[in-house]
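Biologist: I would like to go through this model with you. Shall we take it one question at a time?

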Amino acid sequence: MNFRIDNNLTFEDFKEIEEIEKSYFDIDTVVTSSQVYKWHLVNPDTEIVVKSIVNDEVVGQISVIPLSKEQYKNFINGDLKDTEINEDNIITYINHCEYHLLFSCITIKKQYRENKMILYCLLKGLYEKIKYLESKDIKFINMCAEGQTTDGQNFLEKFLSLKLMGKTKDNYSLYYFEKDYNDFDNWFTAFPTYIEKYYNNFSNAY
Ligand SMILES: CC(C)(COP(=O)(O)OP(=O)(O)OC[C@H]1O[C@@H](n2cnc3c(N)ncnc32)[C@H](O)[C@@H]1OP(=O)(O)O)[C@@H](O)C(=O)NCCC(=O)NCCS
């Protein structure tokens, strides 16, 4: 495999991520590299980054942020955006505690979009991240996300099984699970099967 998950991220990596996001999204919705780097310094479990082992560049990333009950309520009501999360209000994971998860962003660098192995690595990275947190008796109540693009909406519905629940104040699609606890756990139990199905689909197509 030509790709690897990188767990030793530097500010340079976050600058690359910002450029990838700017190639797809409205500039106002992109969280700057300095802000995401601050999240990372406070909470090192917010980013899943896949790099090429050929030239060491970032080829794909996922950002996931823990939210308190109040922050989740504010996100659902449109009173909190990921761009408003900074080093002062980002929370860290504490063992044996419960959180909501904000799926903030997924991107694959444009010139690598045809390579399905990258999404496979990102999905596995997301699975391993949540598994690691759950191994510390951290529990997830629900997951939420904003679908800005058709690709994003497809991804949130098909891979994360999130439900379209309305629109944000900026008129983007708002997603979360209908039922707290059960829906997250059911999705996560089935997630490895989705990942393998995805792998089998694209490897059969080659
Ligand atoms: C979001 C993104 C990473 C997804 O990657 P992708 O290469 O587009 O995804 P793929 O096309 O390989 O996968 C989605 C497809 O896999 C299918 N699929 C295959 N196996 C699957 C499985 N096991 N489970 C669910 N879906 C599966 C889905 O049906 C879907 O097919 P469709 O597009 O024909 O409906 C990519 O589109 C991207 O970087 N987009 C630009 C940035 C962006 O918009 N990000 C979202 C921000 S909200």
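What follows is a set of questions and answers on this predicted model.

Biologist: How many helices and strands does the protein have?

Modeller: From the N terminus on, the elements run β-α-α-β-β-α-β-α-β-α-β-β-α. Counted by type, that is six helices and seven strands.

Biologist: What radius of gyration does the protein have, against that of a compact globule?

Modeller: The C-alpha trace spans about 45 × 35 × 35 Å along its principal axes. For 206 residues, a compact globule would come out near 17 Å. The protein agrees with that, at 16 Å.

Biologist: What share of the contacts with a separation of 6 or more comes from residues 24 or more positions apart?

Modeller: Burial first: 33% of the 206 residues count as buried. As for the contacts with a separation of 6 or more, the share from residues 24 or more positions apart is 70%.

Biologist: Which element gives the largest share of the largest nonpolar core?

Modeller: That core has 46 residues. Leu102, Ile118, Leu122, Met143, Cys144, Ala145 and Leu162 have the most contacts inside it. The largest share of this core is seven residues, and they come from E4.

Biologist: Which residues does Leu102 contact, leaving aside neighbours within four places in sequence?

Modeller: Leu102 is among the core residues with the most contacts. Two others in that group, Cys144 and Ala145, are also its partners.

Biologist: Which elements do the buried residues of H4 pack against?

Modeller: H4 has 19 residues and reaches 27 Å from first C-alpha to last, close to the 27 Å expected. Its buried residues are Ile118, Leu119, Cys121, Leu122, Leu123, Gly125 and Leu126. An α-helix has 3.6 residues a turn, so residues three or four places apart point the same way. The buried residues of H4 pack against E1, E2, E3, E4 and H6.

Biologist: Which residues come nearest to the ligand?

Modeller: There are 21 residues around the ligand. By class, the shell has nine nonpolar, seven polar and five charged residues. Those that come nearest are Thr149, Asp151, Gly152, Lys197 and Tyr198.

Biologist: Which element supplies the largest share of that shell around the ligand?

Modeller: E4, H4, H5 and H6 each supply at least two residues of the shell. The largest share is five residues, and it comes from H5.

Biologist: Is Val36 buried or exposed?

Modeller: Val36 lies in helix H2, residues 33-42. Beyond four places in sequence, it touches Phe14, Ile17, Val31 and Ser63. The cut-off for burial is 20 or more other C-beta atoms within 10 Å. Val36 has 28 such atoms, so it is buried.

Biologist: Is Asp56 buried or exposed?

Modeller: Asp56 sits in the loop between E2 and E3. Its phi is near 65°, a positive value in a residue other than glycine. Asp56 has 10 C-beta neighbours inside 10 Å, so it counts as exposed.

Biologist: Where is Tyr181 found?

Modeller: Tyr181 is not a glycine, yet it has a positive phi of about 65°. With 13 other C-beta atoms within 10 Å, Tyr181 is partly exposed. Its place is the loop between E7 and H6.

Technical notes: Residues numbered from 1 in each chain as written. Predicted model: local features only at pLDDT ≥ 70, side-chain atom pairs only at ≥ 80, totals over all residues. Helix = DSSP H or I, 4+ residues; strand = E, 2+ residues; numbered from the N terminus. Buried ≥ 20, exposed ≤ 12 C-beta atoms within 10 Å, placed from the backbone. Contact = placed C-beta atoms within 7 Å. Near = placed C-beta within 6 Å. Nonpolar A, V, L, I, M, F, W, Y, C, P; charged D, E, K, R; others polar. Core = buried A, V, L, I, M, F, W, Y, C linked by C-beta atoms within 7 Å. Expected span 1.5 Å × (residues − 1). Rg over C-alpha atoms; globule rule 2.2 N^0.38 Å.
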